[in-house]
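This report describes a single protein chain for a reader who is new to structural analysis. Please keep the sequence and the three-dimensional view at hand while reading.

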Amino acid sequence: MSVECPNFASQMKQADISRELRAATAKAVKTLFNADISDSEILINDTRKEFEGDYSIVVFPLSKLSRKSPEATAGEIGKYLKDHYDIIEDYNVIKGFLNCLIKTQRWIEVFEAREKTNDFSKSNGKKVVVEYCGPNTNKPLHLGHVRNMVIGYSMANILEAGGYEVHKVNIYNDRGIAICKSMLAWQKFGHGETPESSGLKGDQLVGKYYVLFDQQYRKQVADLIKNGHNEDDAKAATPLLLEAQQMLRKWESGDRETIRLWETMNRWVYAGFEKTFETLGVDFEKNYYESEHYLSGKELVEEGLKKGIFFRKDDGSVWVDLTDRGMDQKILLRKDGTSVYLTQDLGTANSRYQDFEMDLSVYVVADEQNYHFKALKGTLEKLGKPYASGIYHLSYGMVDLPSGKMKSREGTSVDADDLMQQMFDTAEEHTKALGKIEAFSEQQAQVLYRKLGLGALKFHLLRVNPKRRILFNPEESIEFHGDTGPFIQYTYARIQSILKKWESMGKPGNNDDKSNTLENIERFILRQEIAFSKVIEEACESMDPSLIASFTLNLAKLYNRFYNEYPILKAKDKSVLFFRVRLSEQVAKTIEQAMLLLGIEVPESM
RNA sequence: GGUCGCGUAGCUCAGCUGGAUAGAGCAACAGCCUUCUAAGCUGUGGGUCGAAGGUUCGAAUCCUUCCGCGAUCACCA
């Protein structure tokens with residue numbers, strides 16, 4: 001059974017003039033020069049603003065087929081197009097570029113088609129799981145997690161717009177030595193402190209003891225060094241570290257008291273994380289816990305051994321040889337039979353496939369783990385797992401401070417909750433300074449500050465290519481002017497203001513009022529509008545939300561130029577007024593959709 | 001040392017599978033609100049696209065070498 005539902009992408013394609021032009025050019029080449037060329041081989045650019053035209057066909061490659069000069073070739077193709085396609089108003093040739101001016105009528109038709117396709121609904125029949133966040137449970141979330149979450153959440157939205165059925169999941173690294181350090185410090189120095197008794201968010205409370213552990217630990221190391229130990233010995237021999245290791249062993253052997261403490265403190269952390277997720281506006285369909293999976297993956301190792309893909313060394317440890325893929329040998333089981341990181345991820349990948357049977361599995365994880373994911377994928381491929389090829393590591397660069405890497409235990413990391421609060425405060429300052437929201441209730445104002453603060457923060461993180469490192473200077477606050485989230489939000493709010501005013505005017509204009517002129521800037525806006533679906537496709541293919549960010553920024557810039565240079569509600573001609581209102585409305589819709597793909601909300605006024 | 005990534009204006013970044021005189025924002029300077037929201041718009045200055053070769057009609061983009069920065073190559077996760 002198949003349901004015919006409007007497919008955003010395919011309808012948009014019908015309204016894609018550059019695609020029409022490409023097909024027409026291929027036909028022209030066939031007719032004029034009797035040469036075959038596929039549509040995709042024809043390169044079409046937006047005409048640069050210093051020349052007349054909407055789209056430019058790059059003719060250099062075609063002159064090989066015509067055996068004429070680029071200019072002559074362009075001239076012939078231009079004439080053919082103008083004679084045979086009524087979408088061409090005129091053309092001109094400059095060097096090897098054929099600049100085509102599209103008829104106003106065609107632009108209007110395309111615009112009307114665009115107006116009708118404002119939702120994405122058609123599925124591509126594929127499932128994707130997006131794993132993001134992946135925190136340790138011994139400390140609160142920091143700016144690095146924020147970048148991760150914002151990328152993951154946005155990429156999930158973009159994939160959904162691209163037709164995927166999307167499942168967002170989180171993985172909690174809830175066991176190991178790190179959480180034991182927090183537990184031990186709390187046990188020794190906490191005096192029974194709880195989130196309730198201290199008023200601290202649970203994750204902040206647990207993080208406090210993680211930092212405290214490190215401080216006490218350093219003190220002990222210093223003492224040992226003073227008493228004649230060398231540094232390496234001292235680091236390994238402090239009573240605190242030995243105790244933490246002891247605690248980890250007790251945890252692994254299932255010691256009831258240790259497990260109970262671990263459960264309690266993790267519960268605090270999860271409650272704290274939930275608040276941060278809610279404030280940031282991200283969510284997960286399912287949570288995975290390392291504590292439930294760290295033993296799994298062993299069956300896969302058995303399977304690999306049986307198939308002869310893995311091998312056992314003399315000491316009993318099990319390895320996979322990835323040298324044929326330019327990697328090394330990787331250990332899978334220690335000689336005592338315990339599993340390592342890679343083994344665990346083998347196990348989680350497997351159970352994830354049992355849970356979702358996804359076609360694609362996206363892991364949003366920092367680029368320090370590039371090698372690990374290459375090894376994971378390579379190992380699963382060797383095992384012949386059906387989901388191996390669908391593994392995609394969405395690798396992003398870490399966030400640095402001017403002083404270097406963020407380190408939670410040294411207290412140098414930028415706390416996610418603090419940062420968001422700071423953004424809200426800054427948004428409030430800016431807004432109050434402008435004094436445009438007197439009509440707002442306190443409640444409405446708070447909602448606005450949150451939208452603007454998050455808009456600024458998320459856009460700042462998403463507008464750069466994920467694989468780039470980001471330098472965050474706490475001394476310089478994130479901008480609200482220029483190429484920013486609030487600038488785009490402002491553009492949206494401005495349009496809403498126009499639309500409201502238009503309504504209060506009694507909505508002058510109707511569909512009989514056909515405009516037959518377009519300003520250049522209006523054509524530029526339309527050209528940008530109809531590129532949206534292609535940008536979504538590209539963002540899916542390259543797993544890169546920054547493409548959406550650039551697109552949206554450009555659209556907002558074009559609109560603001562238009563807004564500043566031309567009257568909309570004050571246009572003299574009613575048909576022009578009506579068209580400009582509709583164009584504005586459409587731009588607002590696109591901005592809203594695009595921003596939602598980034599996980600950013602837009603305000604009705606600001 | 002091996003592998004991978006990055007290097008574009010003072011700063012932060014765009015630049016699609018090679019295409020026109022390399023584009024924005026910030027910062028600096030000069031303009032634009034009795035007119036639809038000035039978180040806006042316009043203009044000016046600012047570049048040997050890390051370096052050198054190569055491929056091409058054509059290179060920031062592709063190839064090679066080199067320089068600089070980072071990550072990784074853990075029986076940590």
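**A salt bridge across the sequence**

With a relative accessibility of 56%, D324 counts as exposed; in this scheme, exposed means over 50% relative accessible area, buried under 20%, and partly exposed in between, with a 1.4 Å probe and protein chains only. D324 forms a salt bridge with K382, at 2.9 Å from N to O. A salt bridge is defined here as a side-chain nitrogen of Lys or Arg within 4 Å of a carboxyl oxygen of Asp or Glu. K382 is partly exposed, at 22% relative accessibility.

K382 belongs to helix α16 (residues 370-382), whereas D324 is in the loop between β9 (318-321) and β10 (329-333), so the pair ties together parts that are 58 residues apart in sequence. Helices (H or I, at least four residues) and strands (E, at least two) are DSSP runs, numbered from the N terminus.

**Basis of the model**

This is a predicted model, in which local features need pLDDT of at least 70 and side-chain atom pairs count only at pLDDT 80 or more, while totals for chains, interfaces and linings use all residues. Residues are numbered from 1 along each chain as its sequence is written, chains are lettered from A and ligands numbered from 1 in the order in which they are written, and side-chain values use heavy atoms, with hydrogens and water left out.

**Domains**

Chain A is divided into domain 1 (8-115), domain 2 (127-288 + 353-410) and domain 3 (416-597); these bounds come from an automatic or database domain assignment. The centres of domain 1 and domain 2, taken over C-alpha atoms, are separated by 53 Å.

**Other salt bridges**

By the rule given above, the count comes to 36 salt bridges. One of them joins E231 and K235, whose closest N and O atoms are 3.1 Å apart. Both residues lie in helix α10 (residues 231-237), 4 residues apart, which is about one turn of the helix. E231 is partly exposed at 45%, and K235 is partly exposed at 38%.

Another pair is D36 and K30, with 3.3 Å between the closest N and O atoms. D36 is exposed, at 63% relative accessibility, while K30 is partly exposed, at 38%.

**Packing of two helices**

Helix α6 (residues 143-161) packs against helix α18 (residues 442-462) at an angle of about 80°, and their axes are 10 Å apart. Axes are lines fitted to C-alpha atoms, for helices over the stretch in contact, and angles run from 0 to 180 degrees between N-to-C directions. The angle makes α6 roughly perpendicular to α18, a term for angles of 65 to 115 degrees; under 35 counts as roughly parallel, over 145 as roughly antiparallel and the rest as oblique.

On α6 the contact is made by L143, V146, R147, V150, I151 and S154, and on α18 by L457, K458, L461 and L462, where contact means heavy atoms within 4.5 Å. These residues divide into 7 nonpolar, 1 polar and 2 charged. Ala, Val, Leu, Ile, Met, Phe, Trp, Tyr, Cys and Pro count as nonpolar, Asp, Glu, Lys and Arg as charged, and the others, Gly among them, as polar.

**Backbone angles in loops**

Most residues other than glycine have a negative phi. N34, although not a glycine, has a positive phi of about 50°. N34 lies in the loop between α2 (17-33) and β1 (44-46) and is exposed, at 60% relative accessibility.
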